[in-house]
Amino acid sequence: MSCPFAPTQATVPSTAPLATRLADAFPEQVTTRHRFVEDPYTVREILRRAADFVPDNALKTVIPLASPTLRRLAAARFSLPPVLASASGPEHRTVRRVAARFFSPARVAAQAEPVAALVRSACAGILPRLTAGEEIDLAQEVAGIVPPVVVSTLTGVPNPPHAQLKRWSRDSLELFWGWPDSARQLELASSAVDFHAWLDEAVEHCLEEPSPHPGSGPVPGAVVGLPGGQNLFQALDTADVDRDRIRSLGYFLVIAGQETTAMLAQTVLGTALVDGVWADCADPSTGLESSRAVVTSVLAQASSVPTWRRVVVADTRVGDEDFTAGEHLVLRLSGGELGEAGDASLAFGFGLHRCLGAGLAELEATVILHECAKALPLIELLSVPDWGHLLSFQAPHALPVRTRSAA
């Protein structure tokens with residue numbers, strides 16, 4: 001359990017690393033600092049009672065950082081003040097109200113065809129290589145390429161170069177939600193500092209750029225007119241959100257807005273291949289509905305974000321359970337009883353802090369699976385997927401595939 005992104009062999013969502021008892025999935029340095037809440041009713045009540053259970057720890061490191069790591073971050077003036085998922089009260093409501101306009105149901109629904117076009121393009125490039133006998137990783141070459149483009153399209157906020165984005169995203173997830181040793185922390189902190197510096201420049205650029213012309217954007221035909229003719233950072237600035245909090249939102253939007261959706265798509269693709277429903281998902285008439293069913297099942301059993309955190313404000317009680325002020329809670333959102341019941345209702349949280357990107361993540365994962373299955377009907381996985389997990393994230397590391405041998 002010393003590896004910060006601990007690998008676990010699994011074949012289907014029900015055997016994902018965080019599908020069973022949460023406390024068994026983490027080392028002592030994590031379990032001694034957190035109380036794990038498994039019961040769906042209790043989790044829902046905790047999330048509903050936003051004044052009693054606050055998100056102050058939602059975007060803080062799972063374990064204390066070593067002194068050299070703290071010095072490295074401080075020297076770079078690394079700062080991520082509370083915003084959106086980690087904020088409460090009026091500040092949270094202001095940012096959420098602004099951000100919600102960029103992820104409205106109509107704007108999300110209009111991404112279906114652009115997402116399909118991106119997947120078809122990726123698969124068209126992959127198919128000749130598969131035909132020639134090459135092995136392809138669907139996690140990198142399909143699941144990972146769509147979400148960053150879509151989030152950038154919807155928000156008007158640019159991404160760094162793709163390889164850099166993926167490295168920064170994974171490093172930051174590990175730094176904040178993993179349990180790296182002190183040497184690894186320093187490596188991750190240097191990566192976080194580089195990302196933080198890039199974001200400083202990106203925020204300034206976004207605030208200074210002229211409003212885009214309606215219909216412009218990185219995905220052709222993707223509905224682009226930005227709300228009010230402003231990108232997300234400009235809209236937050238207009239709402240008097242200070243630049244430090246804009247950068248903080250950008251930090252986790254660029255990461256969570258695309259990396260967790262890519263993780264979900266990876267799990268969905270792997271599940272369809274392993275569980276023998278790939279052909280169902282490829283069907284031109286019913287494949288989209290079959291793909292949606294796979295996504296719902298994965299969200300219930302093995303979401304890419306199967307837990308989230310809260311802090312207890314004051315001694316209180318939920319049902320038969322007592323909670324003590326200052327306790328750090330890890331709430332199950334997917335797997336466990338929820339997985340057994342096929343209940344995906346908590347997969348994106350509940351209440352005031354429910355994920356704004358829920359509809360977008362479901363749409364992307366569904367369309368990615370359907371289009372990939374249509375375009376690559378004759379593929380098979382080379383090996384059982386290895387899963388990686390952090391405190392609040394899990395996904396297969398890779399999905400190596402090849403063209404099926406003729407029977």
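Start by selecting Val115, Leu118 and Val119 in helix 6, which meet Val146, Val149 and Val150 in helix 8; contact here means heavy atoms within 4.5 Å. The residues of this helix-helix contact divide into 6 nonpolar, no polar and no charged. (Ala, Val, Leu, Ile, Met, Phe, Trp, Tyr, Cys and Pro count as nonpolar, Asp, Glu, Lys and Arg as charged, and the others, Gly among them, as polar.)

Before moving on, a word on what you are viewing: this is a predicted model, in which local features need pLDDT of at least 70 and side-chain atom pairs count only at pLDDT 80 or more, while totals for chains, interfaces and linings use all residues. Residues are numbered from 1 along each chain as its sequence is written, and side-chain values use heavy atoms, with hydrogens and water left out.

Now show helix 6 and helix 8 (residues 146-155) as cartoons: their axes come within 10 Å and cross at roughly 145°. Axes are lines fitted to C-alpha atoms, for helices over the stretch in contact, and angles run from 0 to 180 degrees between N-to-C directions. Helices (H or I, at least four residues) and strands (E, at least two) are DSSP runs, numbered from the N terminus.

Next, find the open sheet of 3 strands, in the order 4-12-9 with antiparallel pairing. Two strands pair if DSSP finds at least two bridges between them. At the edges are strand 4 (136-137) and strand 9 (379-381), each pairing on one side only. Helix 6 (residues 112-131) packs on this sheet and touches strand 4, strand 9 and strand 12, with its direction at about 65° to that of strand 12. Zoom in on strand 9 and strand 12 (residues 400-403), which pair over 3 bridges; here Leu381 stands opposite Val401.

Then select strand 5 (residues 307-312). Is it buried or exposed? 6 of its 6 residues are buried, so strand 5 is largely enclosed by the rest of the structure. Buried means under 20% relative accessible area, with a 1.4 Å probe and protein chains only. Thr307, Arg309 and Val311 lie on one side, with Trp308, Arg310 and Val312 on the other.

Stay with Val311: it stands opposite Val54 and also opposite His328 in strand 8. Strand 5 pairs in the antiparallel sense with strand 3 (residues 53-54) over 2 bridges and with strand 8 (residues 328-332) over 5 bridges.

Finally, color by pLDDT, the predictor's confidence in each residue, from 0 to 100. The protein averages 91, and 93% of the residues score at least 70. Over residues 6-11 the pLDDT is below 50, as it is over residues 213-223. Where pLDDT is low, the predicted coordinates should not be read in detail.

Notes:
Buried < 20%, exposed > 50% of the residue type's maximum accessible area, 1.4 Å probe, protein only.
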